[in-house]
Amino acid sequence: MKNTKRIAMLTSLVMLLSTLLLTACNKEGDPSKGEHTHTWGNWVTVKPVTKTEDGLLERTCSSCGEKESFVLKSSDVYQGTGYYTVGNVPDCWNPITCTGEDAKHLLKYLSTPLFVYEYRDYVEKKEYTEEGLIDERQLVFSEECPYEFSDYYVDYFAAAHLEDVTAQFVGDPKWGYTEGQIGYAWKITLRDDMKWADGHPIRAEDFIYSMMQVLDPRSQSPLAEFYYDTLGIKNARAYHMQDPEQFHHGLIGSKPAPAVTREDVGIFVAESDLEFVICLDKSHQFLKEYGTLAPAAVEYLAYFPLVYMRFYEATTGESPNDSPLFTSIYNTYLESGISWGPYKLVDYKAGSYYKLEVNANWYGWGADGTYANRYSFTSIHRMSTTTSGKE
């Protein structure tokens, strides 16, 4: 499906809000130091936004009476920027450690899946979620072919090719595959035009680096179990389960080297800098018999975590008190991360709002300039029902 149709799924359902309700208080001050902590009330529409005039929202602290205002610019709302309802604006959207739904929501705009569900006739049926994404609950299976979606199919997105390469590793004692096995080793080829928002190209090594941060025992990433257990990357469990302190001191040379090293883990760059291989403990059906993508490609491989090495290294380090565990402020404030998706973050206030603008370096944007330029999202709820009938 053409990129214009894909982008429509992301942009067509951003909604204006008519009545707004606060979901979370913005905590300020340190009570232990005698500083005041605001207890914010509901957002109130002081002045509605129109096509010719800006709107104004206001909320009041129930303790001290201080007021805070938020301007909804008419030019934003009526010329490409919408204010979208989300549960909360996340404090962190680090793909290695932050796995909450609010972080995932933001990351869908700042990152790009390797594989996607595509709708066969999106113009006619439009069965999407409110975020403009395929509603996986409505996937319909064909009676003739149990693994074939009648309304949806799986397509490449950030990935350009997927190949079962198990046969290439038969006889290698490191992986232990035998003749006739299939579905254990897979080579993913990336698009050659993917870039970070600063224009720096994205390559296979970026994905390897990011996955090793997930599996590093010092990171304590909640995603690790999915990749060493559900997906089953070879030796990933043994690598991740090593004692963080022993592992850390082994790397810096003050103790024996780790028993399982990065080179033992079944994910590595292949023949070119756009290809990487994952070797697995279990067989997966990511391709159908006739070579097209299977639904499992989306379920297991679509959202490989990706961090920008330069930013991540600068914002991640050892915890205080000589603990070997890592702490990271990557993707916790505006300048601490970077986008590789269709939008980039240009304004952010924890617990209140964030604003996104088009990432001009994303490969998927068309040249006709017909897409919206910006989207803003606030952590305020609708009090009235929407046209969809949902609260």
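Predicted model: local features only at pLDDT ≥ 70, side-chain atom pairs only at ≥ 80, totals over all residues.
By salt bridge I mean a side-chain nitrogen of Lys or Arg within 4 Å of a carboxyl oxygen of Asp or Glu. Arg-237 is partly exposed, at a relative accessible area of 40%, and Asp-229 is likewise partly exposed, at 31%. On this scale, buried means under 20% relative accessible area, exposed over 50%, and partly exposed in between, using a 1.4 Å probe and protein chains only.

Residues are numbered from 1 along each chain as its sequence is written, and side-chain values use heavy atoms, with hydrogens and water left out.

How many salt bridges does the structure hold? There are 13. One of them joins Asp-198 to Arg-310, whose closest N and O atoms are 3.6 Å apart. This pair links distant parts of the chain: Asp-198 sits in the loop between β9 (185-190) and α5, Arg-310 belongs to helix α10 (residues 309-315), and 112 residues separate the two. Helices (H or I, at least four residues) and strands (E, at least two) are DSSP runs, numbered from the N terminus. Asp-198 is partly exposed, with 41% relative accessibility, whereas Arg-310 is exposed, at 53%.

Another salt bridge, 3.6 Å from N to O, is formed by Arg-203 and Asp-273. Arg-203 is in the loop between β9 and α5, and Asp-273 in the loop between β10 (267-269) and β11 (275-279), so this pair ties together parts 70 residues apart in sequence. Arg-203 is partly exposed at 24%, as is Asp-273 at 46%.

I turn now to the interior. A nonpolar core is a set of buried Ala, Val, Leu, Ile, Met, Phe, Trp, Tyr and Cys residues joined through side-chain atoms within 4.5 Å. The largest such core has 74 residues, and those with the most contacts inside it are Phe-115, Leu-162, Phe-207, Phe-276 and Phe-304. Helix α5 (residues 204-215) supplies the largest share of this core, eight residues. A second, separate core of eight residues includes Phe-169, Trp-175, Tyr-177 and Ala-185.

Finally, which residues does Phe-115 touch, leaving aside those up to four places away in sequence? Among them are Val-154, Tyr-156, Leu-162, Leu-293 and Leu-301, where contact means heavy atoms within 4.5 Å.
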